[in-house]
Amino acid sequence: MEIQRLPVLRDNYVFVLVDRAAAAAAVVDPAVAEPVIAALEAQQLQLSVVLQTHHHNDHIGGTPALLSRWPGAQVWAAASDRARIPFQTDGLRGGDQRLLFHRPVQVLEVPGHTRDHIAFFFPASGGEGPELFCGDTLFAGGCGRLFEGTAEQMLRSLDQLSGLPEATRIWCAHEYTEANLRFAITQEPGNPALQERFQLVQAMRAAGEATVPSSVALERATNPFLRCREASLQQVSGCCEPALVLAEIRRRKDVF
Ligand code: ZN
Ligand code: FE
């Protein structure tokens, strides 16, 4: 399965999963339709599935127009969020398994940013590595704002993602990495892996390169929101309970 990254709007990514042999594509969180239609038409691909991580408009905004262009496409979304993603055709729950282009996909429930946020995990299979599409839950160097969930929920969600295999590539929905790391470094200045990553990411952004995908290994080493049990972050936040550490670091990021 080939994965393409379409930058849209200010800082969103739409991901296109391609099954060349079937001339078919799936898209993750199409914020807008036009660039997706153009990309698929240029490659003579038919849209078969839209995967939605959550209901925000910068993730579902393009879906109705994609369904007009490809009326047979399925829309996979959280069953519990049918009211806010009304065009879904397959209501999913945490723990559900599906097949997409011959690869198993696991649905993970990851509330925190929104109440019904889900993520899609493709375990390694047939010589291809593990892939995670996590919307606005986990970002490279950061995590989503707590719009509808609690710090406890976000901690559980991030623990779940952090526990995936280290080689898992993380396809998050926004290019926020540089700003996230600029904040992270204020919280954990003594983390050499974080310092090194910040330098690298600044150089990549200056060269116009994308910093997504990230990996579970890299996030575990440098993302403060996955490091709420580290002594360094407990000390800087003045908290011991991991959920309190997360809440405090998130609060600081909100006003950074
Ligand atoms: Zn969002
Ligand atoms: Fe978003």
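In the predicted model shown above, Thr177, Glu178, Leu181, Arg182, Ala184 and Ile185 in helix α5 meet Leu194, Gln195, Arg197, Phe198, Val201, Gln202 and Arg205 in helix α6, where contact means heavy atoms within 4.5 Å. The residues of this contact of α5 with α6 divide into six nonpolar, three polar and four charged; Ala, Val, Leu, Ile, Met, Phe, Trp, Tyr, Cys and Pro count as nonpolar, Asp, Glu, Lys and Arg as charged, and the others, Gly among them, as polar. This is a predicted model, in which local features need pLDDT of at least 70 and side-chain atom pairs count only at pLDDT 80 or more, while totals for chains, interfaces and linings use all residues. Residues are numbered from 1 along each chain as its sequence is written, chains are lettered from A and ligands numbered from 1 in the order in which they are written, and side-chain values use heavy atoms, with hydrogens and water left out.

The axes of α5 and α6 (residues 192-206) come within 10 Å and cross at roughly 150 degrees. That makes α5 roughly antiparallel to α6, given that angles under 35 degrees count as roughly parallel, over 145 as roughly antiparallel, 65 to 115 as roughly perpendicular and the rest as oblique. Axes are lines fitted to C-alpha atoms, for helices over the stretch in contact, and angles run from 0 to 180 degrees between N-to-C directions. Helices (H or I, at least four residues) and strands (E, at least two) are DSSP runs, numbered from the N terminus.

Helix α5 (residues 177-187) also packs with helix α9 (residues 242-254), at an angle of about 125 degrees and with the axes 11 Å apart. The arrangement of α5 relative to α9 is therefore oblique. Here Ala179, Asn180, Phe183 and Gln187 in α5 meet Ile249, Arg252 and Lys253 in α9. By class, this contact of α5 with α9 has three nonpolar, two polar and two charged residues.

The description now turns to the strands. An open sheet of six strands has the order β7-β8-β9-β10-β13-β14, with mixed pairing; two strands pair if DSSP finds at least two bridges between them. Strands β7 (97-100) and β14 (214-215) stand at the edges with a single partner strand each, so one side of each is left without a neighbour in the sheet.

Within this sheet, β10 (residues 131-135) is mostly covered, five of its five residues being buried, that is, under 20% relative accessible area, with exposed over 50% and partly exposed in between (1.4 Å probe, protein chains only). Glu131, Phe133 and Gly135 are buried on one side of β10, and Leu132 and Cys134 on the other. Strand β9 (residues 118-122) pairs with β10 in the antiparallel sense over three bridges, and Phe120 stands opposite Phe133. The pairing of β10 with β13 (residues 169-172) is parallel, over four bridges, and sets Glu131 opposite Arg169. Helix α4 (residues 151-162) lies across β8 (103-109) and β10, running at about 155 degrees to β8.

Strand β3 (residues 24-28) is likewise mostly covered, with five of its five residues buried. Five bridges join β3 to the antiparallel strand β2 (residues 12-19), where Asp19 stands opposite Ala24. The hairpin of β2 and β3 has four residues between the strands, and Ala23 takes a positive phi near 50 degrees there. Strand β4 (residues 46-51) runs parallel to β3 and is joined to β3 by five bridges; Val50 in β4 is the bridge partner of Val27.
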